[in-house]
Amino acid sequence: MGQISDDRLLKIERVRSAIISFLKRIGYEVEDEADFEELLPIINGVDKNALLRSFLDGTFVGEYIDDEITTLRGGAFSYIYGLAKIEIPRVTYLPGAFANNIYLNTFFVSNATSFGGQAMCYFGSKKGVILRKWLWANTYQNGISYNYSTPVLDLQFKGVSTTAPTTDQCIIYGTGLSTVILRSNGVCRIGSVSTIRSNIQEIYVPQSLINEYLTATNWSAVENIANRLKPIEGSKYESLTWYEEEENQNGSN
Amino acid sequence: MAVIREEVTINNKQFIKNYSDQNFYIEREDARYVEAIDPIELAADRIYTETDIPIEHGPKIEEEEVIEDVEQQII
């Protein structure tokens, strides 16, 4: 029997490490030092349909973190009740009903630039929703509607549409919403006074726009609006990454 | 088809409320509204016209009932 060269041993070790890494990634508990004899039965027992099945029957429990995926199909995450987190930074289009009827355990952060019809209807996120390229137009008839149980909504705009959202389809109409941050250089028009529900206690806007909001159509008639409008500047929300700091402090996911 | 203008009192303040009598959006300066409520002192400057775009509404009641079931399961 011939000797195995160091180079060959190194390649075998790389394969072993890659297998362990893969098994861990798909949810198996594997010791870092496991050898091939220990790994083989685990590999043979891998159910290649397990993840897909859990998405299909709605029993998936855990996080979906994927920095490779760029395209989603409509309804991709809908009704996956055990989904705690979605992290899909390369996805630029959130298709229709992509996340309906789910309730994430953390912040939902998205740089998507466009949304399908009712992309996140009845969508909840326990800590908040952060949209960094939001189109105000998508608060009207598309995008997120009936957003519930989401305490903070932070909107940074790609552009501000002149169409005010209808009340009953408006992103900021969530019953659990207490804080809204509107990072727009102009007043975000609202289609009706009742768009701003009484549960929204704080509305952060640029300091330079506060007086304009106080006399803007519909905004002026919102109950107690003078006390609810607050400047972004000097608040915890001044930093665009405030949610990262909060997550790090809490050590939560 | 017309824009109805009526005086309303909200939190002891007077406002002018504008809305379509046919359930269409109204607009001013290229901005579209379901209804528009302005401080009474600005009412003369803020004149709205009716569009021919009907006001759309959200999902039907039946879906809300389904959602209530969902909320009970996950919250």
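Which residues have the most contacts inside the largest nonpolar core? They are A:A99, A:I102 and A:L182.

## Model and conventions

This is a predicted model; local features need pLDDT of at least 70, side-chain atom pairs count only at pLDDT 80 or more, and totals for chains, interfaces and linings use all residues. Residues are numbered from 1 along each chain as its sequence is written, while chains are lettered from A and ligands numbered from 1 in the order in which they are written.

The model scores ipTM 0.78 and pTM 0.78. In chain B the mean pLDDT (the predictor's confidence in each residue, from 0 to 100) is 80. Of its residues, 75% reach 70 or more. Residues 59-63 of chain B have pLDDT below 50. Beyond near neighbours in sequence, that stretch has 2 contacts in the model (C-beta atoms, placed from the backbone, within 7 Å).

Chain A has 6 helices and 12 strands. These are DSSP runs, numbered from the N terminus: helices are H or I with at least four residues, strands E with at least two. Of the 253 residues in chain A, 34% are buried. Buried means 20 or more other C-beta atoms within 10 Å of the residue's own; exposed means 12 or fewer, and partly exposed lies in between, with C-beta atoms placed from the backbone. Among contacts in chain A with a separation of 6 or more, 47% join residues 24 or more positions apart.

The largest nonpolar core has 62 residues. Such a core is a set of buried Ala, Val, Leu, Ile, Met, Phe, Trp, Tyr and Cys residues joined through C-beta atoms within 7 Å. Strand β8 of chain A (residues 128-135) gives the most to this core, with 4 residues. Leaving aside neighbours within four places in sequence, A:L182 touches A:L155, A:C188, A:I203, A:Y204 and A:V205.

## The chain B sheet

Chain B holds an open sheet of 3 strands in the order β1-β2-β5, with antiparallel pairing. Strands pair if DSSP finds at least two bridges between them. β1 and β5 of chain B stand at the edges with a single partner strand each, so one side of each lacks a neighbour in the sheet. Neighbouring strands are turned by 25° against each other on average, direction ignored; axes are lines fitted to C-alpha atoms, for helices over the stretch in contact, and angles run from 0 to 180 degrees between N-to-C directions.

β1(B) (residues 3-10) and β2(B) (residues 13-20) pair over 8 bridges. B:I4 has B:Y19 as its bridge partner.
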